Protein chains: 2
Amino acid sequence: MDISRLMTRSMKSQSWGLKSARIMEAALNAVNPQTAVLHCLKREDTQLEVNREIYDLNTFDRVLLIGAGKAGQPMSEGVQEVLGDRLDRGLVIVKEGYKTKNNLTGRINIVEARHPIPDIRGVKGTDEVIELLENTSQNDLVICLISGGGSALLVSPVPGVSLQDLQRLTEILLASGATINEINTLRKHLDRIKGGQLARFTSPAKMISLILSDVVGDPLDVIASGPTVPDGTTFKNALAILEHYQIEDQIPAPILEYLKIGEAGMVEETPKPGEQLFAKVNNIIVGSNRTASQAALEQGLKEGFNTCVLSNFLQGEASQVGKFLATILRQVAIHNQPIPRPACIIVGGETTVTLRGDGLGGRNQEIALGSVEELDGLDGIALITLATDGGDGPSDAAGAVVTGKTLKHALTLDLDPQSFLARNDAYNFFDPLGDLLKTGPTPTNVNDLAFLFAFE
Amino acid sequence: MDISRLMTRSMKSQSWGLKSARIMEAALNAVNPQTAVLHCLKREDTQLEVNREIYDLNTFDRVLLIGAGKAGQPMSEGVQEVLGDRLDRGLVIVKEGYKTKNNLTGRINIVEARHPIPDIRGVKGTDEVIELLENTSQNDLVICLISGGGSALLVSPVPGVSLQDLQRLTEILLASGATINEINTLRKHLDRIKGGQLARFTSPAKMISLILSDVVGDPLDVIASGPTVPDGTTFKNALAILEHYQIEDQIPAPILEYLKIGEAGMVEETPKPGEQLFAKVNNIIVGSNRTASQAALEQGLKEGFNTCVLSNFLQGEASQVGKFLATILRQVAIHNQPIPRPACIIVGGETTVTLRGDGLGGRNQEIALGSVEELDGLDGIALITLATDGGDGPSDAAGAVVTGKTLKHALTLDLDPQSFLARNDAYNFFDPLGDLLKTGPTPTNVNDLAFLFAFE
């Protein structure tokens, strides 16, 4: 990425503009899907080292590549760069529009499907993945690539249940107030792949699952609905959730029927923690919010900042988070605490925005807008927010920059932060100020980052 | 204070209970009003040193003591301890119930008045203060004691305006959505003392104003409406605020009349920054949220913790703040960032609670409740919240303690944090768990503190 894309119009005229852009660049580079895979797979002749485990390629008849997720294409390129001709066949499902000019050999197929609402292309692609895994033996090695969006792309409804049934279920669950964990419990018990079940198809081969995490805290069983990870939930749990929200009579009949058959033990449960099935599965996070923030930490130190990571678990209402981050930056600016100037504090995670208006913006821009008043008047500081996928909400911005002068600048243009906040219109607040960060789409997604800078 | 009052029932059985209690004790001791005054006034024979400025007591005919605020009594005791017989006369107004067994000589009078809604006793007390200051000469020294509540206690409406008029104005302003700064602009222009005007009565004497700050960020012009501090606002500003909120026709006629007379220049403006009047005034913060957190920082280091102060400017919706603090503590617990275990992170400020239910609680208990789910499952951590005045909201608790086991403990008692949060009922969530901190009232108030602990 051209570094200038990591600077807002206003940053380009600031002495600190380039330094802070380089820190963001380091963060994004570390989680570039291809780089992240290369960083994780080390090969020396026939020895493949993955996270300290050694695989001797000579012992395998075939090496197969499968996977699903937005980052499937560049991750595949990374694997091919390491394994080259040693890769026998592969099929990876990506979101439509994410299949790029193909640097892959004919043995690796990239197919597109719909996201976030799955379509028949996803089902067909998944069938082909399953087909590819037929007749795997213990002398095969399967490399699986998982990234954000994988749950919708790698989809295979259980017999009798249609895609439309699943979609209707999701709508009802969301409306009922069910949590994402509860929704996933249902999903895992209505799909042939999710909740560790992919391992049934790869067994008895060894599997290396390379995971680019787009979920805060990197819970393996949640990312892409954990196709390669043991599932702690049961059919009984799934039915209890429907009962709890009193939606049993709303959901499509085939779903309820299937879950009851499952509870009666007439279809197999998802594989559970401790099952032998997973002995040959090696799940590895190749990139995550933490990878990005650690890279930013290193670059921050190189750029001469006192640098720390405050959290990779950021959550909560975006505007409130912005206010909170501002109170910390105020402390740095005025009291040189928790670290003294020049300071760079890195925070990562994923906030939420409760929609109150019909403005344009996203989580990251709203964090920035929430900080404007609290940062007013502080000298030599900047708060920068960044959606690592380059797209914050439905806007063409990735985030925004706020300094101690932002409020005054805005008021000269008659822009009142409170009224923009009230209608979730951060984009149109920052756009006229030249304070929007417009990176364009990146090939990765490890959620959001925020940087608190206090300069010398 | 007995240290056991700084432990919850549950903390007493924990190895870390006493350590964390000692850190909180250090924080509270540092802002004990008497201690804080003693810490600030150094006397050697006739030399009185205040914040590096030396006053030769021999050069003064009289030393007078005035003041207002909840901490007036112990602050007065501190001054008397230093000046003893050198104090000639004094009158300090405190909140009703705050006048304690008198250790003061007959020359120092403590009178009680109503707070937060002022009453005639406050007006009378203020008249007596003004009377006491009659005939001050440049050979007098006035020591002024300001603490939380001072604005309601030191009150002297301008001619023609009644206490009831002022009260009605405040109600209308609050309902209109006016900010506290806007409300203060009005107050300062409708009172004979606020907004630096007390200095008119002490002039030409020298004045030392000792201020115990109960306002986040310690803005001198805001604490007790800044009776000894220049005022940047004008009659014109005051009228513009009424116009802005379109409430001119609602407010009592004498108020509008007085403000218009003021704008026309027919009564004196409040004294402005740079005015000669303040050359003889020495405003000193003797204690604040920062004082308390710095003392906690020192004690934390003594107790063997890696310790830092994250902010003294904490604000925002309490439950959201709780969530945010939990994401930081989670980072410490899992990644040893921003500081490694054993860690103590100190945060101070004042949050707000948007009332949604009729439960029992306060800001500090609600911060704790907001953190429960995010802290679930973490080992060897605790989040403790503390209202430094010992009273959090209308409850008899000062705060609460949350650990990684709190959620499970609560669920065994069928207590669901979300439903308690929904009705602002933190007290009744923590009470059955034995996790409420009940210090009883303290003599001080420097707002709120929160402590994030990760133990070895």
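In this predicted model, 14 residue pairs are in polar contact between chain A and chain B, counting those with both residues at pLDDT 80 or more. The elements of chain A that give two or more residues to the side touching chain B are α11 (289–302), β10 (306–314) and α12 (318–335), and the largest share, 11 residues, comes from α12(A).

The size of an interface is often given as the accessible area lost when the parts come together. Between chain A and chain B that buried area is about 2,400 Å², of which carbon and sulfur atoms give 60%. Phe313(A), Gln315(A) and Phe324(A) supply 28% of the area that chain A buries against chain B, more than any other three residues.

We can now turn to the aromatic rings. The structure holds 17 aromatic pairs over all chains, and one of them joins Phe420(A) and Phe429(A) edge-to-face, with 5.6 Å from centre to centre and 65 degrees between the planes. Phe420(A) is buried, with a relative accessible area of 8%, and Phe429(A), at 0%, also counts as buried.

Why is the pair of Phe451(A) and Phe453(A) called stacked? The ring centres of Phe451(A) and Phe453(A) lie 6.3 Å apart and their planes meet at 15 degrees, so the pair counts as stacked, because planes under 30 degrees apart are classed that way. Phe451(A) is buried at 0% relative accessibility, and Phe453(A) is buried at 0% as well. Together with Trp16(A), Phe305(A) and Phe455(A), these two residues form one aromatic cluster.

Definitions and conventions
Residues are numbered from 1 along each chain as its sequence is written. Chains are lettered from A and ligands numbered from 1 in the order in which they are written. This is a predicted model: local features need pLDDT of at least 70, side-chain atom pairs count only at pLDDT 80 or more; totals for chains, interfaces and linings use all residues. Side-chain values use heavy atoms; hydrogens and water are left out. Buried area is the accessible area (1.4 Å probe) that two parts lose on being put together, summed over both. A polar contact is a pair of N or O atoms within 3.5 Å; within protein, one must be able to donate a hydrogen and the other to accept it, and residues adjacent in sequence count only if both atoms are side-chain atoms. Helices (H or I, at least four residues) and strands (E, at least two) are DSSP runs, numbered from the N terminus. Rings of Phe, Tyr and Trp (its six-membered ring) pair if their centres lie within 6.5 Å; planes under 30 degrees apart count as stacked, over 60 as edge-to-face and the rest as tilted. Buried means under 20% relative accessible area, exposed over 50%, partly exposed in between (1.4 Å probe, protein chains only).
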